[in-house]
Amino acid sequence: MAIRCTDFGVKSWFASNPRNYASINVRIFTIRCSSGAAATAVGLGERPWKTSDARLVLEDGSVWKAKSFGASGTQVGEVVFNTSLTGYQEILTDPSYAGQFVLMTNPHIGNTGVNFDDEESSQCFLAGLVIRSLSIGTSNWRCAETLGDYLAERNIMGIYDVDTRAITRRLRQDGSLIGVLSTEDSKTDEELLKISCSWDIVGVDLISGVSCNSPYEWVDKTGSEWDFNSNETAGETFRVIAYDFGIKHNILRRLASYGCKITVVPSTWPASETLKMKPDGVLFSNGPGDPSAVPYAVETVKEILGKVPVFGICMGHQLLGQALGGKTFKMKFGHHGGNHPVRNLRSGRVEISAQNHNYAVDPASLPEGVEVTHVNLNDGSCAGLAYPALNIMSLQYHPEASPGPHDSDPAFREFIQLMKQVKQNA
């Protein structure tokens, strides 16, 4: 088979005569194309690009063909979407994503690679990563390796070339769905669907799998190149016990930058041992999963309330809500991303916040005296609590915002002021 083609070669005529159109050359040539059989005969049968080799099967029965990167195998998890435009490495290492597949709505992921400075924990805890387009190269002066190599080394599955927009619309309509990622051809779609329908994340204690095993001291502050708030404590030090329900490193760095001496303790650390350490305050951290699945943590919070100032973040906020007698509930698809507007009801100030949670506190279930301090402007859900009588404050979102905007960083200063006030009045 032959195709007749025309090649227009345009010479640069501007140096001589801008109207000299005669200098445009026209060349006729012929391309001869071989048939498929002939191409195979000369060794050109294999396609030079990756083909679909993975599937995401959702519990609603839908099957999404994709291409794999990172680890291979079969993995089950809850699919949630994250609207952050950047910061995928911090998301990968956020323990709050344990048991979940994170679908990034930003279509292009991987172009900055990964580095060793942006880790939020010691490992990746999420079940897998779902993206639209995987960058074929990296371009960042801090890049140490590619995203694909990073995931493979940590045995985390990833897929790309999948319609993430369509999946996101389905999650927004139907709510979070259990899914199965697989690169194994031996497993049928029906088998993968059966796995997704037989697995559940509700009622599962995910905190015990991400918490530290023993207490340790944290001393690192926010690096000077990233520290946008100078230390305002004028050398005053506050001793803080931080319960690790899946704590992010940048929460600890921000507390240290505000003048705190921090001891991180496991999720099962007894309240009596914490009080023996005579802290100025206690932080209940973020963490994955259902707060109702960890009654031991709720009991620990109850035993500490009223004895020292406390600050709860995300899971810590939900545990405080339960410890105060309130109820928590599973949201339709949760809040995951770095662009959620929140109104501070005390000041009227609107903050753009970073959020990552599937559960929320029901403000109608809270006892008298507990104040809702922040409200999510997207859906009106409770985003912050305070109980002045017991020196309690909490936020449903991440004031350290890594990744995300730093509008909510003053919450750390508020915690410092709360500890300072109680210390002065003691």
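1. Just after helix α4, G175 adopts a positive phi of about 95°. The model is predicted: local features require pLDDT of at least 70, side-chain atom pairs count only at pLDDT 80 or more, and totals for chains, interfaces and linings use all residues. Residues are numbered from 1 along each chain as its sequence is written, and side-chain values use heavy atoms, with hydrogens and water left out.

2. Helix α4 itself spans residues 164-174, and T164, I167, T168 and L171 are buried in it. Helices (H or I, at least four residues) and strands (E, at least two) are DSSP runs numbered from the N terminus; buried means under 20% relative accessible area, exposed over 50%, and partly exposed in between (1.4 Å probe, protein chains only). Viewed down the axis of α4, the buried residues fall within an arc of 100°, so they line one face of the helix. The arc is that of the directions from the helix axis to the C-beta atoms. R165, R169 and Q173 are exposed on the face of α4 turned away from its buried side.

3. Helix α8 (residues 295-304) packs against helix α9 (residues 315-323) at an angle of about 70°, with the axes 9 Å apart. Axes are lines fitted to C-alpha atoms, for helices over the stretch in contact, and angles run from 0 to 180 degrees between N-to-C directions. The helices α8 and α9 are therefore roughly perpendicular, a term for angles of 65 to 115 degrees.

4. Which residues of α8 and α9 meet? A297, V298, V301 and K302 in α8 meet L319, L320, Q322 and A323 in α9, where contact means heavy atoms within 4.5 Å. The residues of this contact comprise six nonpolar, one polar and one charged. Ala, Val, Leu, Ile, Met, Phe, Trp, Tyr, Cys and Pro count as nonpolar, Asp, Glu, Lys and Arg as charged, and the others, Gly among them, as polar.

5. Eight aromatic pairs occur in the structure. Rings of Phe, Tyr and Trp (its six-membered ring) pair if their centres lie within 6.5 Å; planes under 30 degrees apart count as stacked, over 60 as edge-to-face and the rest as tilted. The ring centres of Y243 and F284 are 5.5 Å apart and the planes stand at 40°, so this pair is tilted. Y243 belongs to strand β13 (residues 238-244) and F284 to strand β15 (residues 281-284), so the pair ties together parts 41 residues apart in sequence. F284 is buried, with a relative accessible area of 0%.

6. F284 also pairs with F245: the centres are 6.4 Å apart and the planes at 15°, so the pair is stacked. F245 is buried, with a relative accessible area of 1%.

Notes:
Angles under 35 degrees count as roughly parallel, over 145 as roughly antiparallel, 65 to 115 as roughly perpendicular and the rest as oblique.
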